[in-house]
Amino acid sequence: FAQYFSDSLAKHTSKGLRERAFNGLPNGDIPFGYRREDLGKTSGGRRQICIVPEEAKAVTHIFQMYASGGKSLASLASWLNEK
């Protein structure tokens, strides 16, 4: 019985994660550069993911540094933590 429950739970969890991804919803923490904001009372308490302009600049800069091939992920993480 425990094995059946575990298999069923895994199947339903995977289905739920796929459904959230299909609907454009995050499957975990909101990535750096974004935040959740309330849409207001008329939306029924729903929240929207919005870009944080200050963090978006850092994300763009990090991407450019990584794409140039001169920086490792570890050095980019250190740079971001310093900032």
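**View 1. Overall dimensions of the predicted model.** The protein has a radius of gyration of 19 Å, whereas a compact globule of 83 residues would have one near 12 Å (the radius is taken over C-alpha atoms, and the globule rule is 2.2 Å times the number of residues to the power 0.38). Taken along the principal axes, the box filled by the C-alpha atoms is roughly 55 × 40 × 20 Å. This is a predicted model, in which local features need pLDDT of at least 70 and side-chain atom pairs count only at pLDDT 80 or more, while totals for chains, interfaces and linings use all residues. Residues are numbered from 1 along each chain as its sequence is written, and side-chain values use heavy atoms, with hydrogens and water left out.

**View 2. Order of the secondary structure elements.** The protein contains three helices and two strands, which follow the pattern α-β-β-α-α along the sequence (helices are DSSP runs of H or I with at least four residues, strands are runs of E with at least two, and both are numbered from the N terminus).

**View 3. Burial in the protein.** Buried residues, those under 20% relative accessible area with a 1.4 Å probe and protein chains only, make up 12% of the 83 residues.

View 4. I49 lies in strand β2, which spans residues 47–51. Because its relative accessibility is 34%, I49 counts as partly exposed, a class that lies between buried and exposed, the latter being over 50%.
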